[in-house]
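Please open the structure in your viewer and keep the selection panel at hand.

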Amino acid sequence: MKNKVPLFLLERPSSDSFIPGKGGLKISFIEKGIHHLADVIKTGYIQWETASSDNFFQKIDARVKILFLLFYIIIVSLKKNIPSEVLIGAFVFVLTFLSRLEIFNLYKRVLFFAFIFGFLIALPSALNVITKGEIILPLLHLSKPYRFWIYQIPEEIGLTREGVYGVLMLTSRVMNSLALSFFVLYTTPFTEIIKALKVLKVPDSFLMIVTLSYKYVFIFAKTIEDMHLAMKSRLAGKVSNAEGRRWIAGRLALMFKKSQQRCEEIFKAMLGRGFSNNIKFYGVKKLQTRDWVASAVFFIVGVLFLWI
Amino acid sequence: MTGLRALSFLLLEFYFYGFEVIVKDIICLKGISYSYYDKFPAVCDISLSIGEGERFAIIGANGSGKSTLLQIMNGLIGQSSGKYFFRGNEVSEKTLKDKGFLRFFRERVGYVFQDSDVQLFCPTVLDELLYGPLQLGIEEKEALDRAFEVMQILNIENLKDRPSTMLSGGEKKRVTIGSVLTMNPEILLLDEPTNGLDPRTQVFLVELMLALNDAGKTLVMATHDLSLVDELHMQVALLSEEHKMVKIGPSDEILKDEDLLLSANLIHEHVHYHGEEIHKHRHSHFLFHKH
């Protein structure tokens with residue numbers, strides 16, 4: 001072996017010191033993206049940790065929580081005035097506070113999604129072109145009204161009172177639904193949610209897809225992070241954006257191949273352990289007094305919300 | 001000006017950390033700690049020095065922090081606290097942002113990952129071997145020469161056009177080592193190099209490592225393969241399951257200390273039958289049974 005070692009491996013570096021480079025290296029967009037991906041794992045750990053803690057809502061059985069979620073989302077969708085939505089929102093906020101969740105982080109996400117999927121998407125419907133009514137904020141004045149097929153564009157275009165109310169209504173519904181969903185997700189370990197869904201007769205194939213996808217997200221994030229570290233260990237300079245894009249394109253193809261291989265291996269492992277299209281769970285506990293009391297309280301509060 | 005700066009830096013180093021760091025040690029860790037997600041401690045207050053041309057092993061049970069320590073040594077993750085010096089220069093996330101230092105560091109320190117799959121990200125084996133030298137700005141002809149010479153020593157010439165997804169475990173390991181060797185690093189950091197390899201490939205790797213060490217390369221490996229540590233007669237750092245340094249010393253001394261290995265979960269109590277008689281003793285896959 002000794003004789004075979006190539007000559008270049010016997011060469012020593014010319015110097016033991018270095019010449020400082022001009023200017024620092026900026027963090028590439030790949031690095032930033034990978035850090036976001038690593039956050040997926042961190043968020044997963046935080047979710048698991050908060051869901052497993054011993055606080056108010058965490059102690060309640062997952063089946064009660066899932067039914068609570070469904071019941072309250074129906075209530076949120078049925079209510080037709082903003083004050084009721086605000087009341088429901090306040091109720092969820094109090095529950096979040098009692099369960100000692102990180103309120104800022106939870107509501108940051110809720111507001112972000114509610115702004116995009118509730119407010120921005122619905123905003124055009126506040127115009128009098130779509131929702132007729134009293135204009136409270138004129139935006140554009142045309143020389144004359146236009147008619148096109150079944151559509152009519154009036155002379156004055158602006159936001160109507162009815163339209164704005166509709167947008168606010170939709171935004172508050174989206175916000176409340178998201179706050180409820182995040183609240184249940186942050187207070188219930190993932191496995192408990194799946195168990196509860198199984199008990200509530202959700203089809204096995206659906207549960208299987210959800211479980212495997214959830215696990216794969218973590219494996220995927222870890223693999224990408226490791227691949228990036230491997231590349232970093234062989235990089236001696238800045239990665240240009242073009243090189244970065246090429247690297248990502250190559251990695252996507254490779255990840256696709258690896259995912260395919262992993263999928264086949266997982267399926268074989270499942271078959272090897274006797275998988276037969278059914279998910280079997282153990283340790284489904286009986287509901288305790290605490291769960292029954294919580295169910296009754298949530299039901300009564302829910303009916304009150306429907307009534308007011 | 002640069003010489004003056006280097007001299008003042010050396011004097012400062014000498015003042016703070018003593019003569020050993022500047023002259024002898026190629027790697028020096030002082031009180032290194034790291035936690036994953038700021039929640040799970042991976043290494044706690046680790047201090048060690050590695051000399052030039054040394055064969056150094058970091059041993060410990062699964063989850064003791066061996067791989068994390070190796071990744072810190074390669075500057076892939078930044079320590080939460082403590083200082084890391086490479087040839088007397090501090091290595092941190094900040095210093096690695098300097099283009100000159102990054103190049104100086106990367107061309108001298110090579111890292112072989114435990115999971116070969118994550119390290120092989122180029123379309124073919126040849127691309128894999130060329131990636132590092134081309135990144136270092138070595139001319140294409142020389143990079144190609146290096147790649148072919150390395151393929152020859154690793155017996156993988158027939159694989160040069162194959163994609164990494166079509167290689168066996170042993171072949172992947174050879175290619176990952178090759179991909180680092182073409183950069184001609186001074187130090188090779190190897191994470192569980194013999195893990196999951198057949199005996200013949202393991203023997204091949206041991207011979208390769210000895211040859212590289214004879215050629216002047218410093219070898220640092222994280223492993224729980226005690227027979228490998230014994231075969232290579234390494235300097236050993238033993239990590240506990242609490243992620244702390246238990247002891248540093250020559251392999252002869254550490255591997256003899258059964259109580260120490262038992263406390264670090266590297267050997268275990270073993271029960272088996274001799275005919276009708278139940279027999280219990282300490283066992284490892286390295287030590288001979290003592291009856």
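The stops that follow go from a whole chain to its strands, its helices and the contact with its partner.

**Before selecting**

This is a predicted model, in which local features need pLDDT of at least 70 and side-chain atom pairs count only at pLDDT 80 or more, while totals for chains, interfaces and linings use all residues. Residues are numbered from 1 along each chain as its sequence is written, chains are lettered from A and ligands numbered from 1 in the order in which they are written, and side-chain values use heavy atoms, with hydrogens and water left out.

**Stop 1: the whole of chain B**

Select chain B, which has 12 helices and 12 strands. Helices (H or I, at least four residues) and strands (E, at least two) are DSSP runs, numbered from the N terminus. Of the 291 residues of chain B, 55% count as buried; buried means under 20% relative accessible area, exposed over 50%, and partly exposed in between (1.4 Å probe, protein chains only). Contact means heavy atoms within 4.5 Å. Among the contacts in chain B between residues at least 6 apart in sequence, 61% join residues at least 24 apart.

**Stop 2: the six-stranded sheet**

Next, colour the strands of the open sheet in chain B, whose order is 6-7-8-3-9-10 and whose pairing is mixed. Two strands pair if DSSP finds at least two bridges between them. Which strands stand at the edges? They are strand 6 (109-112) and strand 10 (245-250) of chain B; each has a single partner strand, so one side of each is left without a neighbour in the sheet. Neighbouring strands of this sheet are turned by 15° against each other on average, direction ignored. For such angles, axes are lines fitted to C-alpha atoms, for helices over the stretch in contact, and angles run from 0 to 180 degrees between N-to-C directions.

**Stop 3: strand 8 and its two partners**

Select residues 218-223 of chain B, which are strand 8; five bridges join this strand to strand 7 (residues 187-191), and the two run parallel. Here L188(B) stands opposite L219(B), and L189(B) has V220(B) as its bridge partner.

Show the side chains of strand 8 in chain B. How many of its six residues are buried? Six of the six are. T218(B), V220(B) and A222(B) point one way, whereas L219(B), M221(B) and T223(B) point the other way.

**Stop 4: strand 1 and its neighbours**

Move to strand 1 (residues 25-36) of chain B. Nine of its 12 residues are buried, so the strand is largely enclosed by the rest of the structure. Strand 2 (residues 40-51) of chain B runs antiparallel to strand 1, with eight bridges between them; one bridge to find joins Y34(B) and V43(B). The two strands form a hairpin with three residues between them, and Y37(B) in the turn has a positive phi of about 55°. Strand 1 also pairs with strand 4 (residues 81-86) of chain B, in the antiparallel sense and over five bridges. K30(B) and K83(B) are bridge partners there.

**Stop 5: helices of chain B**

Select helix 8 (residues 169-181) of chain B, which lies across strand 6 and strand 7 and runs at about 170° to strand 6. Then select helix 6 (residues 125-135) of chain B, where eight of the 11 residues are buried. Among them are L126(B), L129(B) and L130(B). The cover over these buried residues includes helix 7 of chain A together with helix 5 (116-119), helix 7 (140-153) and helix 8 of chain B.

**Stop 6: the contact and chain A**

Show both chains. The contact takes 58 residues from chain B and 49 residues from chain A.

Finally, select E85(A), in helix 3 (residues 82-98) of chain A. Is E85(A) buried or exposed? E85(A) is buried, with a relative accessible area of 2%. Leaving aside neighbours within four places in sequence, the residues in contact with E85(A) include K79(A), M169(A) and R173(A).
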